[in-house]
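Keep the model open as you read.

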Amino acid sequence: MSGRATPRTLAELLELERLDRDLFRGENEPGARDRLALYGGQVAAQALRAAGETVEDGRLPHSFHGYFLRPGLVDRPVIFQVDRDRDGGSFSARHVRAVQDGEVIFSMLASFHAYRESPTFDAVASADAPDPETLPSRPSVASLVEVREVTPTRIIGRRLRHPDRLWVRASAPLSDDPVAHACALAYASDLGTGFGQTDVPGLPTGGPSIDHAVWFHAPIRADEWMLMELAPRKARSSRGVYDGSLRNADGELGALIVQEMLLRDMVLDDESLRRVAEFLGVTPED
């Protein structure tokens with residue numbers, strides 16, 4: 001067990017302990033022990049940070065693809081093993097395994113690229129959203145970010161309906177390091193669900209993540225408001241795929257997201273219903 005203090009900010013969460021040349025240890029965020037499993041965004045953000053620690057300066061994350069293989073243990077730190085797959089003329093490829101108790105809980109392939117000027121093009125759909133300062137704050141499973149929901153979380157018929165549009169930012173300032181901001185985007189990218197507002201008879205609206213991919217574009221700041229917009233694309237065989245984007249308040253595209261999740265019909269019992277409604281500050285609907 002590590003004796004390091006529990007991280008209190010996203011910046012501290014991304015301060016990994018280097019155990020060897022390509023071996024790192026990360027601590028869990030506050031409140032992790034109050035959940036059944038680690039928040040997936042925490043593990044993804046730390047895995048990307050571990051990969052970034054092995055890449056030469058000037059190369060920034062441009063994409064990662066991660067697989068959630070086992071629930072993260074809330075009472076154990078996470079060990080990150082990095083393989084340096086390739087360092088080319090302008091790209092670096094890394095494979096990261098997140099390990100607890102000798103078992104891989106998350107596997108990530110990450111790629112880094114040296115920035116080059118070129119024309120830009122953005123045809124990703126986006127809609128106007130209220131100013132985040134006009135929206136109420138709401139507790140989140142990701143304890144190190146502030147969330148303002150555009151489509152609010154609801155509890156309908158004992159089932160959670162998560163938001164598919166929300167504003168999010170780190171709760172405390174980050175440094176000017178663009179890699180840290182990319183990792184913070186990775187942390188936030190596991191919030192919400194593209195199926196949270198779907199209304200198809202018999203189709204669940206959420207469940208655990210299976211795999212998760214992010215493509216980074218403009219290096220937007222994650223300690224300033226970012227609009228996350230998610231949309232369902234396909235559901236079959238108890239799996240659902242959705243995609244989405246993260247933009248800053250000026251509309252600049254920071255990242256594209258694609259996630260596949262297990263769709264599970266989770267009906268809250270009386271005690272869970274009471275606790276979740278109290279935590280979220282929402283009134284259950286019939």
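## Around glutamine 100

Glutamine 100 touches Leu38, Gly72, Leu73, Arg76, Pro77, Val78 and Ile105, leaving aside residues up to four places away in sequence (contact means heavy atoms within 4.5 Å). Glutamine 100 sits in strand E5, residues 91–100, and is buried at a relative accessible area of 3%. Here buried means under 20% relative accessible area, exposed over 50%, and partly exposed in between, with a 1.4 Å probe and protein chains only. The side chain of glutamine 100 also gets to the backbone oxygen of proline 77, at 3.5 Å.

A word on ground rules: this is a predicted model, where local features need pLDDT of at least 70 and side-chain atom pairs count only at pLDDT 80 or more, while totals for chains, interfaces and linings use all residues. Residues are numbered from 1 along each chain as its sequence is written, and side-chain values use heavy atoms, with hydrogens and water left out.

## The sheet and its helices

E5 belongs to an open sheet of 12 strands, in the order E1-E2-E4-E5-E6-E3-E11-E14-E13-E12-E10-E7, with antiparallel pairing. Strands E1 (17–20) and E7 (145–149) stand at the edges with a single partner strand each, so one side of each has no neighbour in the sheet. Helices (H or I, at least four residues) and strands (E, at least two) are DSSP runs, numbered from the N terminus, and two strands pair if DSSP finds at least two bridges between them. E3 (59–68) and E11 (209–216) pair over five bridges, and serine 63 has tryptophan 215 in E11 as its bridge partner.

Helix H2 packs on this sheet, and its direction makes about 50 degrees with that of E6 (axes are lines fitted to C-alpha atoms, for helices over the stretch in contact, and angles run from 0 to 180 degrees between N-to-C directions). 13 of the 13 residues of H2 are buried, so the helix is largely enclosed by the rest of the structure.

## Salt bridges

How many salt bridges does a search of the whole structure find? The search turns up 27, each a side-chain nitrogen of Lys or Arg within 4 Å of a carboxyl oxygen of Asp or Glu. Arginine 76 pairs with aspartate 101 at 3.5 Å, N to O. Arginine 76 is partly exposed at 29%, and aspartate 101 is exposed at 56%.

Another bridge joins aspartate 87 and arginine 94 at 3.0 Å; arginine 94 is buried, at 1% relative accessibility, while aspartate 87 is partly exposed at 45%.

Technical notes
Polar contact = N/O pair within 3.5 Å; in protein donor to acceptor, adjacent residues only side chain to side chain.
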